[in-house]
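Me: Hey, I'm new to this one. Can we walk through it together?
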Amino acid sequence: MKAKSLLIILLVLGMGYATKSQTQFAGWLATFQNYKLSSKTGFYFDAQWRSTAQVRQMNALLLRPGFNYYFTPALTGTVGYAFIPQQRIAGGVTGYLPEHRVWEQMVFTHTVKAHHKSVAAVTHRLRLEQRFIPRHHAEGNELVKDGHHYAGRVRYFARAVVPVPSGGGGGPFSKGVFAALQNEIFFHTADGGSFDQNRAYVAAGYRMSPQFDVEMGYMNQYISGAGSNSINNHILQVATYIRL
């Protein structure tokens, strides 16, 4: 499959949700990091700051460490925990309460070639999440936690990184401009695996070295809801990627 065909397929998957929904604008800052401890083990960490609508203030801070096991150079398994303080509202009172999350994932990477040259690096990720979301109510001017409810979720993610210009050399892409296109789809594990949300993303970036990328892009996040309760977020994301 040629890189252009792959990118078109990912984009179509991501933009396939047209419905009446609330429209919001937000900004996300993110860093994604992998550190090898040995040939078989490593440490994963990502952190994300996400704004409220119209980028007025913080909506959520996501801190997600994990432990990597490298089955092969192309296949990595990870188990981890996430701590996510998020803005919540009850009775007109706004505050921050954390979600706790346990997660497991498998990541598979490969290259797409044309005319015997690598033109795109492709990553597939399947992630399971066990979420403990706080129940809460307002007491005076504060939010009070009322325990939590459990929600499971499964996510599938595909991402392609294409050097610009593509197909310029036969070796690994180690420095220069690239385009990135990705899509991630989410399903609830309860209720027969109902659809939760979709995130389609396109970005431009620069690989400063084999260990470090920086990119900026646009994400369309569609969150399913009943009727007009669906949300369509337009997100500007700035992200770094570290591989050590």
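Me: Which residues form one aromatic cluster?
Reply: That's F187, F195 and Y222. Keep in mind that this is a predicted model, where local features need pLDDT of at least 70, side-chain atom pairs count only at pLDDT 80 or more, and totals for chains, interfaces and linings use all residues. Residues are numbered from 1 along each chain as its sequence is written, and side-chain values use heavy atoms, with hydrogens and water left out.
Me: How many aromatic pairs does a search of the whole structure find?
Reply: Seven. Rings of Phe, Tyr and Trp (its six-membered ring) pair if their centres lie within 6.5 Å; planes under 30 degrees apart are stacked, over 60 edge-to-face, and the rest tilted.
Me: Why is the pair of F187 and F195 edge-to-face?
Reply: Because their planes are at 75 degrees, with the ring centres 6.2 Å apart.
Me: New topic: which strand does β1 pair with in the parallel sense?
Reply: β11 (residues 231-243), over 13 bridges, with β1 covering residues 22-36. Q22 has I231 as its bridge partner there. Strands are DSSP runs of E, at least two residues, numbered from the N terminus, and two strands pair if DSSP finds at least two bridges between them.
Me: And what about β2?
Reply: β2 (residues 41-51) runs antiparallel to β1, joined by nine bridges. The two form a hairpin with four residues between them, and A30 stands opposite Q48 of β2.
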